[in-house]
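Dear colleague,

I am passing on the structure we spoke about, with some notes to read beside it. Please have it open as you go through them.

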Amino acid sequence: MHIEIAPVEGLPLIREGDDLPALICDRVAFDDGDILCVASSVFSKAKGYTRALASIDPGERAARIGAMCGEDPRFIQAVLDESEDILLEAPFVLSTLACGHVGVRAGVDQSNVEDGLLILLPPDPMAAAQEIRERIFGITGADVRVILTDTCGRSFRRGQTGTAIGWSGTPAIRDYRGDTDLFGHVLKITEEAVVDEIAGFANFVMGESNRGVPAVVFRNCPAWTGHDELYFTADEDITRAALKKGIQ
Ligand code: GDP
Ligand code: MN
Ligand code: MN
């Protein structure tokens, strides 16, 4: 395995209406099988999934949570509006989104955007990844795989990592169940979240601040087989159940 990883350099500041896949295709000679990771923040900017803080009128719950968390109640209102199910109100809001993603502050960002604007996560990240993939096929004829990433915190460990919130052209998970290890033991539970592993390294190449690299290409990355059930369902998720007990 000799995987090449290249940042997509020279992209402009992305604005609503920009054809992001076309801008990327101007800078990359895609091959079939390439994996393109795109930061969800720039996809959202291109699509106008943003909100002006000044236009938000916070309700009672947002005011209460804002006071507890030391955050602008208008920002908290945007987070609540993006959320389907609130798992934790303080010291930060943790919630489930309609797409299945569970994230701190519902993934609403205030960085890499003009003052007073919020970047929301794309409402349907799977459709977003598919749209990018199809547009790249339309422009270049290359059959690429696409992973939409966001930087997320995680439980139990410090430090944020890149996470896959949408993907297209590949299963999310490599399923090892039924495979045998070096000693002939049958693997019973091992499923590898490969899209998250790749998103994690893409995030490292992107950086978090002013590098201006919202897209990264992986070449020669082998394909894997498995499935797309990356998110636990509510009744499988013991962490979510434990947190919900604290919020009634
Ligand atoms: P997120 O992880 O999806 O929330 O995105 P980040 O805000 O962390 O940005 C990821 C990368 O994209 C960083 O290298 C940013 O500097 C870069 N970036 C963010 N917005 C833009 C943009 O509009 N244009 C360009 N060229 N880079 C951007
Ligand atoms: Mn983000
Ligand atoms: Mn980031």
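The notes below take up a pair of strands and then the salt bridges.

Please keep in mind throughout that this is a predicted model. Strand β9, which spans residues 161-168, is mostly covered, with seven of its eight residues buried. Its partner is strand β8 (residues 145-152), and the two run antiparallel to each other over seven bridges; within this pairing, isoleucine 147 has tryptophan 167 of β9 as its bridge partner.

In one of them, glutamate 114 meets arginine 15, with 3.4 Å between the closest N and O atoms. This pair links distant parts of the chain, since glutamate 114 sits in the loop between β6 and β7 while arginine 15 sits in the loop between β1 and α1, 99 residues apart. Glutamate 114 is partly exposed at 43% relative accessible area, and arginine 15 is likewise partly exposed at 48%.

Another joins aspartate 31 to arginine 219, the closest N and O atoms being 3.8 Å apart. Because aspartate 31 lies in the loop between α1 and β2 and arginine 219 in strand β12, the pair ties together parts that are 188 residues apart in sequence.

In a further case, arginine 51 and aspartate 81 bring their closest N and O atoms to 2.8 Å, and they connect strand β3 with helix α4 across 30 residues. Arginine 51 is partly exposed at 23% relative accessibility, as is aspartate 81 at 41%.

Finally, Glu60, Arg61, Arg64 and Glu89 are linked in a network of salt bridges.

With best regards

Notes
Residues numbered from 1 in each chain as written. Chains lettered and ligands numbered in written order. Predicted model: local features only at pLDDT ≥ 70, side-chain atom pairs only at ≥ 80, totals over all residues. Heavy atoms only, no water. Buried < 20%, exposed > 50% of the residue type's maximum accessible area, 1.4 Å probe, protein only. Helix = DSSP H or I, 4+ residues; strand = E, 2+ residues; numbered from the N terminus. Pairing = 2+ DSSP bridges. Salt bridge = Lys/Arg side-chain N within 4 Å of Asp/Glu carboxyl O.
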